[in-house]
Number of protein chains: 2
Amino acid sequence: MPADDRRLQPRRKPSQVRAELTRERILTAAAHVFAEHGYAAGTTNRIAERARISIGSLYQYFPNKDAILAALLIQHIDRGAWAQADRLDLSPGSLKATVRALVRDAIDHHRDDPRLLRIMIEEAPLSQELLDTIDSHQKLRVAQVRDLLARHPDVRVRDLDTAANLINFTVEINTHRLMADPHAPAVETFESELIDMVTRYLAGSE
Amino acid sequence: MPADDRRLQPRRKPSQVRAELTRERILTAAAHVFAEHGYAAGTTNRIAERARISIGSLYQYFPNKDAILAALLIQHIDRGAWAQADRLDLSPGSLKATVRALVRDAIDHHRDDPRLLRIMIEEAPLSQELLDTIDSHQKLRVAQVRDLLARHPDVRVRDLDTAANLINFTVEINTHRLMADPHAPAVETFESELIDMVTRYLAGSE
DNA sequence: CACTATTGTGAGTAATAGCTCAGGTCTTTG
DNA sequence: CAAAGACCTGAGCTATTACTCACAATAGTG
C-alpha cells in the first residue's frame, strides 16, 4: 500500500454555500451509513442515496471512499474530542477527583456515536498521513496526562510516561467498550470501579 | 443478516488423509493471508493460491469465506487459548503473584499471531452462533477469575463480578495492544505496571 | 484390473462495488 | 439578461470478488 499523498485530498473546493452544504450532507449521511452497515457494506451509492444527492456529486468532493472516512475521522479529531484535556487542569482537588474528571472526559468523547467511532478506529483504512495525525494527537494527550500526574503530589509511580500511557489507554478503551457493548454492565458501577482502579494505581500504596 | 445455521457448516467431510491435509493447508494459508492483507483484501483466490490448491477445492471444504475465518476462530478457541485459567488456581501465593500469573496467561494467548488475532476479533463477520460461542467462553473466563478473587483473602472490592469483568478486559486488551502495536513500550515495563494497577485495585487500599 | 467414490482443477459466471463522464441545472457576474 | 462557471445528475463502465460446474486425476475395493 503506497502512501499516495493525493489519495485523500478533496477533488474540489466548495465556493458556493450549496456546495458546502452538499459536502456536509455527504459526511452526515456517511456517518449514519457507516455506523449502520459497517465500512465494507457502507457503499458509496448508499451514502449518496441517503444524502439525497447523486454519486457523481459525492465524487466531486471526495476522490474515493477512504477519503470520506478519513474526513469523518479528521472532523472528529478537530472537534477537539480527543484533546480537550486542558480543562482537567482546572480541577486540582483530590487525586480521585482528577481521575474522575479524566474518566468523565473519556465518556463524553464516546457519547456521539459509539458505533461509528468503533468503525473509524477498527475498520478504517488508515493511511500513513492519517496514522501520523492520530498518533500525534495521541502523544499530545498522553503528554497532557503525564504533566497532570507530574503536578499532583499524591501520585507515586515508577515511571510517569508509562503510567500516563497505561491509564490513558485503559480509560479510553474501557469507556469505548462500555458504550459499544450492548450487554455491558451498568454505567455508574463500571465507572466508579474504573476510577478506583486508576486512582489506587496512581496512589501507589502497595 | 439472518443467522443461517448452515452458513458455516463444512460442505464435505474429509475421509481420506489427503483431504484432511488439504483442509489444513487451506486454514494455515488463510491464517497467513488474513494476517497479511486483512479480511476484506484476503480473497479466497489468494488463499487458494497460497495453499497451492484450486479455488474449487477450497469451496469443497468451506461453503463461503466467512466459514474459513469462523473455522480459524473456533480452532483458536478449541486449542484452549482462552480458557486455560485452571492452572491459575495452582498459584495460591500473594495477590500480586496471582495477578502476575493472570497477566502472563494473557500474554501467552497473544504470542501466536497478534495480527491475525486482531483481525479475527475486529474484522470477523460474527454470526450469532459464533458470537454465542465466544460469549460463553468469555463468561466462563470471567467466572473463573471471579472465583479466584472470591477465594483470595486480600481481595477487597465492592462487587466481585464487576471487578472480574473489569480486570479481565483490561488485562486482555492491554496485552492485545502491547503485542500488536509496533511502537508500544517495552514489554517488561508495561507488564509490571499493569500488574501493579490491577493488584492495587484489588487490594482496595483507598 | 475394472469400477466406484473421493478428491482436485481452473476457466468461467453473476453480482456488486467503486468510480467516470457527457450533459443538464443553478449562481454569479459583467 | 446572457454568458461563464460552479454545481449536480445518474446511466453505465471497469474491475474485482465470491463462488460454480463440468471435467480430470487419484485412491480405495473386489
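Q: What makes the charged end of A:R177 count as sitting over the ring of B:F169?
A: A charge sits over a ring if NZ of Lys or CZ of Arg is within 6 Å of the ring centre and within 35 degrees of the ring normal. The charged end of A:R177 is 4.2 Å from the centre of the B:F169 ring and is placed over that ring. This is a predicted model, in which local features need pLDDT of at least 70 and side-chain atom pairs pLDDT 80 or more, while totals for chains, interfaces and linings use all residues; side-chain values use heavy atoms, without hydrogens and water. Residues are numbered from 1 along each chain as its sequence is written, with chains lettered from A and ligands numbered from 1 in the order in which they are written.

Q: Which residue lies over the face of B:Y39?
A: B:K65 does, at 4.5 Å from the ring centre.

Q: Why is the pair of A:F34 and A:Y39 called tilted?
A: Rings of Phe, Tyr and Trp (its six-membered ring) pair if their centres lie within 6.5 Å; planes under 30 degrees apart are stacked, over 60 edge-to-face, and the rest tilted. By this rule there are two aromatic pairs over all chains. The centres of A:F34 and A:Y39 are 5.1 Å apart and their planes stand at 40°, so the pair is tilted. B:F34 and B:Y39 also form a tilted pair, with 5.2 Å centre to centre and 40° between the planes.

Q: How do you know whether A:F34 and A:Y39 are buried or exposed?
A: Buried means under 20% relative accessible area, exposed over 50%, and partly exposed in between (1.4 Å probe, protein chains only). A:F34 has 0% and therefore counts as buried; A:Y39, at 10%, is buried too. In chain B, F34 is buried at 0% and B:Y39 is buried at 9%.

Q: Why is B:T170 called buried, and where does it lie?
A: Its relative accessible area is 0%, so B:T170 is buried.

Q: What makes the pair of B:T170 and A:N174 a polar contact?
A: A polar contact is a pair of N or O atoms within 3.5 Å; within protein, one must be able to donate a hydrogen and the other to accept it, and residues adjacent in sequence count only if both atoms are side-chain atoms. The side chains of B:T170 and A:N174 make such a contact at 3.1 Å. Contact in general means heavy atoms within 4.5 Å. Leaving aside neighbours within four places in sequence, B:T170 is in contact with A:T170, A:N174, A:M197, B:L194 and B:M197.

Q: How many residues does each chain bring to the contact, and what area do the chains bury?
A: Chain A brings 29 residues and chain B brings 28. Buried area is the accessible area (1.4 Å probe) that two parts lose on being put together, summed over both; here it is about 3100 Å², 55% of it on carbon and sulfur atoms. On the chain A side, A:E193, A:M197 and A:R200 lose the most area to chain B, together 23% of what that side buries.

Q: Why is B:H176 called buried, and what does it touch?
A: B:H176 has a relative accessible area of 9%, so it is buried. Residues up to four places away in sequence aside, B:H176 touches B:H110, B:P114, B:R118, B:I121 and B:E122.
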